[in-house]
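This briefing concerns a predicted model. Please examine the sequence and the structure below before reading the points that follow.

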Amino acid sequence: MKTPGPTARDAGLVACSVCHLLCPGQPPGRQARTDKCPRCGARLYSRKPDSIARSWALVIAACIFYIPANVLPMTTVTSLGTVQSDTIMSGVIYFVQSGSWPIALVIFVASVFVPLLKLFVLSYLLISVQRRSRSRLKDRTRLYLITEAVGRWSMLDIFVVTILVALVHLGALATIQAGPAALHFAAVVVITMFAAMSFDPRLIWDAKEKTDE
Amino acid sequence: MISGLGDPRDIVKRIPAMHLMACHECDFLQKIPQVPEGAAALCARCGTVLVRNKPKSFQRPLALLVAGAILFVMFNTFPFLTFKQGGLEHRTYVVSGIRDLADQGMPQLAALVAFNLLIAPGLHLLAFLYVLVPVSLNRRAPGMFRVFRYLRLLQPWHMVEIFMLGVLVSMVKLAKMAQIVPGVAVYSLTAFIFVMAAASAAVDPHEVWERWEDPR
């Protein structure tokens, strides 16, 4: 068994979450602290406050928004009196049918795959931390970093809607309007970004130290 | 592999704090060796990059930021995409879509897009200049470390590169319906993405943070 080195918390130190300055911490056992980092002014905490509760709340909120985001229309095209509404999935299917496979794949990954993956990965990480799992610590840290980095790309569909709305402006001939799903989908993206930010990957490693002692 | 640093309680007395660093992903406390230029130090426990030694010059990122500022003004003022169909021509700007979303009764969405596309990148540029100009002159500006912190918090919300992918998707989507002509703003936006990415990559954040202890 490897002897684990101490963590900053064991040494009575707190690393600033923004600039990584090591600051002296409060005696162990006291959780609430309101100290600020002397260098950059960020709030200092050994572990993010209420990390698990906050992440769960945001994950659940995002799951709720995810339903209207996929059921309601994303765009509504009015062309010569005919009205056609498209959801996220029907937009993907349109590209598949018209033969633009690469574009269909890009939209599918950004708007369907990534948000779902993010919700599943965050739930998995939260459950594994709550069960104090000690398996694959390194892989789970990496999984968290990837999830956090990739989440913003889901905004792609919102930007596409913004551009289409601006471009297709032909009065009675053709206009595109943003549908209610756009708002819900944007909420999913923003909320999952906050959920990933409020999760503290150091909690993954805390399970290891508890059992090694 | 992982060697403990001994008893955690008196670790601070034995090893000077400037050589110690706690991994920001797993809180593992470790000694950071001298990192040769171009190399990086990884966390001994979870493998996250802790320190990357980049060239110690602020000339290059500053030059890139000045170019970024010019490009920022350009993509906001020049025509963006033009829609052509038969005799019809409809010219748009980067802000057109944001204005149209607000007109269609979605001010929240318009505000979010404006934040991701214009406000966050603009603030990013200004904050970066506010920190790098004094640092490169070996001076301090009031609150510059605080500003540098905001800069790092702002980073994930700056989504110009995702918008650019959106431009490509929209052009393919409308290709059958009309001719879409990219304007100067499209090219300036592309250049802006590369210039800002290069500026961020050229700055070692620890090099800025270290000025706090040692104003040279």
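The largest nonpolar core holds 114 residues, and those touching the most other members are A182(A), A186(A), L109(B) and V113(B). The greatest contribution to this core comes from α6(A), which supplies 13 residues.

**A core residue of chain B**
- V113(B), one of the residues that touch the most other core members, has contacts in both chains once its neighbours within four places in sequence are left aside.
- These contacts are with I158(A) and T162(A) of chain A, and with I98(B) and L101(B) of chain B.

**The packing of two helices in chain A**
- Helix α5 of chain A spans residues 156–167, and helix α6 of chain A spans residues 180–198.
- Their axes come within 9 Å and cross at roughly 145 degrees, and the crossing is left-handed.
- On the side of α5(A), the contact is made by D157(A), I158(A) and V161(A).
- On the side of α6(A), the contact is made by A182(A), F185(A) and A186(A).
- The residues of this contact comprise five nonpolar, one charged and no polar.
- I158(A) takes part in this helix contact and is also in contact with V113(B).

**The contact between the chains**
- In chain A, 54 residues are in contact with 58 residues of chain B.
- Elements of chain A giving two or more residues to this side include β1 (13–15), α3 (101–130), α4 (137–150) and β5 (174–178).
- α5(A) provides the largest share of the side of chain A that touches chain B, with 10 residues.
- By class, this side of chain A has 36 nonpolar, 11 polar and seven charged residues.

Note on methods:
Residues are numbered from 1 along each chain as its sequence is written. Chains are lettered from A and ligands numbered from 1 in the order in which they are written. This is a predicted model: local features need pLDDT of at least 70, side-chain atom pairs count only at pLDDT 80 or more; totals for chains, interfaces and linings use all residues. Axes are lines fitted to C-alpha atoms, for helices over the stretch in contact, and angles run from 0 to 180 degrees between N-to-C directions. Helices (H or I, at least four residues) and strands (E, at least two) are DSSP runs, numbered from the N terminus. A crossing is left-handed if the near helix is turned anticlockwise from the far one by less than a right angle, and right-handed if clockwise. Two residues are in contact if their C-beta atoms, placed from the backbone, lie within 7 Å. Ala, Val, Leu, Ile, Met, Phe, Trp, Tyr, Cys and Pro count as nonpolar, Asp, Glu, Lys and Arg as charged, and the others, Gly among them, as polar. A nonpolar core is a set of buried Ala, Val, Leu, Ile, Met, Phe, Trp, Tyr and Cys residues joined through C-beta atoms within 7 Å. A residue is buried if 20 or more other C-beta atoms lie within 10 Å of its own, exposed if 12 or fewer, and partly exposed in between; C-beta atoms are placed from the backbone.
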